[in-house]
Amino acid sequence: MNPKNAKIKYVWGPFAAITLIVILLDVMTKIWAAKALPGHTLTLIDGVLELKYLENTGAAWGMFAGARSFFLAATVVVFLLILLYLGKMPAARRHLPMTICLSLMFSGALGNFYDRFVLHYVRDFIYFALIDFPIFNVADIAISCSAVMLVILVLFVYKDEDFAFLSRKKAGKASSAGDMTHE
């Protein structure tokens, strides 16, 4: 497989597909929640799971309320770092879990970025009442899952050499060409 096709198969194709799916789910559920839930609580599992609409100007539990500029700037930095990482990452099946992880992180951040940029707040609506967890949304689920996945990948799956492509030192052409052909 040539390097360009490998990059599409293992990096940019999955990245685009996951990002599109998560963004669509996030936007559709937020639109529904904003129309159907204000002033109402929909109990899905009594004492456990509810849907209730909240316009959040901060982070979890309303922390840093009103820090919109900080969140927007931090999100742009995260976007750039993810895209830079994916651009440098070898196009190999071994790195596909990291592509999935970063796609979830990117799409979740993008969903909340859109809300903060356009609406000046994030639309949250999922409430885990059993433990009084902060109200959240689909984008938050994607970000949280990617964070857990990232920890697992870094601690238990990948080794230091799997991140060698991030080094400023140039690797030999033979080793980088080999990465492109692994399936």
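This is a predicted model: local features need pLDDT of at least 70, side-chain atom pairs count only at pLDDT 80 or more; totals for chains, interfaces and linings use all residues.
**A note on the helices of this model**

The crossing of α1 and α2 is right-handed.

1. **Overall layout.** The protein chain holds five helices and three strands. Reading from the N terminus, the elements come in the order α-β-β-α-α-β-α-α. Along its principal axes, the C-alpha trace spans about 60 × 35 × 30 Å.

2. **Helix α1.** This helix covers residues 3-36, which makes 34 residues. From first C-alpha to last, α1 reaches 48 Å, close to the 50 Å expected at 1.5 Å a residue. Do look at Lys9 on your screen, though: a kink of about 40° in α1 is centred there.

3. **The start of α1.** Which residue caps the N-terminal end of α1? That is Asn2, with a side-chain oxygen 3.0 Å from the backbone nitrogen of Lys4.

4. **α1 against α2.** Helix α2 spans residues 68-88 and packs with α1 at an angle of about 160°, the axes being 10 Å apart. The two helices are therefore roughly antiparallel to each other, since angles over 145 degrees count as such. On the α1 side, Lys7, Val11, Trp12 and Phe15 take part; they meet Ile82, Leu83, Leu86, Gly87 and Lys88 in α2.

5. **α2 against α3.** Helix α3 (residues 96-119) packs with α2 at about 155°, again with axes 10 Å apart. α2 and α3 are therefore roughly antiparallel too, but their crossing is left-handed. Among the α2 residues in this contact are Phe71, Leu72, Val76 and Phe79; the α3 residues they join include Leu102, Met105, Phe106, Leu110 and Phe113.

6. **Residues to follow in α2.**

Conventions:
Residues are numbered from 1 along each chain as its sequence is written. Side-chain values use heavy atoms; hydrogens and water are left out. Helices (H or I, at least four residues) and strands (E, at least two) are DSSP runs, numbered from the N terminus. The expected span of a helix is 1.5 Å times one less than its number of residues. The bend at a residue is the angle between axes fitted to the seven residues ending there and the seven starting there. A polar contact is a pair of N or O atoms within 3.5 Å; within protein, one must be able to donate a hydrogen and the other to accept it, and residues adjacent in sequence count only if both atoms are side-chain atoms. Axes are lines fitted to C-alpha atoms, for helices over the stretch in contact, and angles run from 0 to 180 degrees between N-to-C directions. Angles under 35 degrees count as roughly parallel, over 145 as roughly antiparallel, 65 to 115 as roughly perpendicular and the rest as oblique. A crossing is left-handed if the near helix is turned anticlockwise from the far one by less than a right angle, and right-handed if clockwise. Contact means heavy atoms within 4.5 Å.
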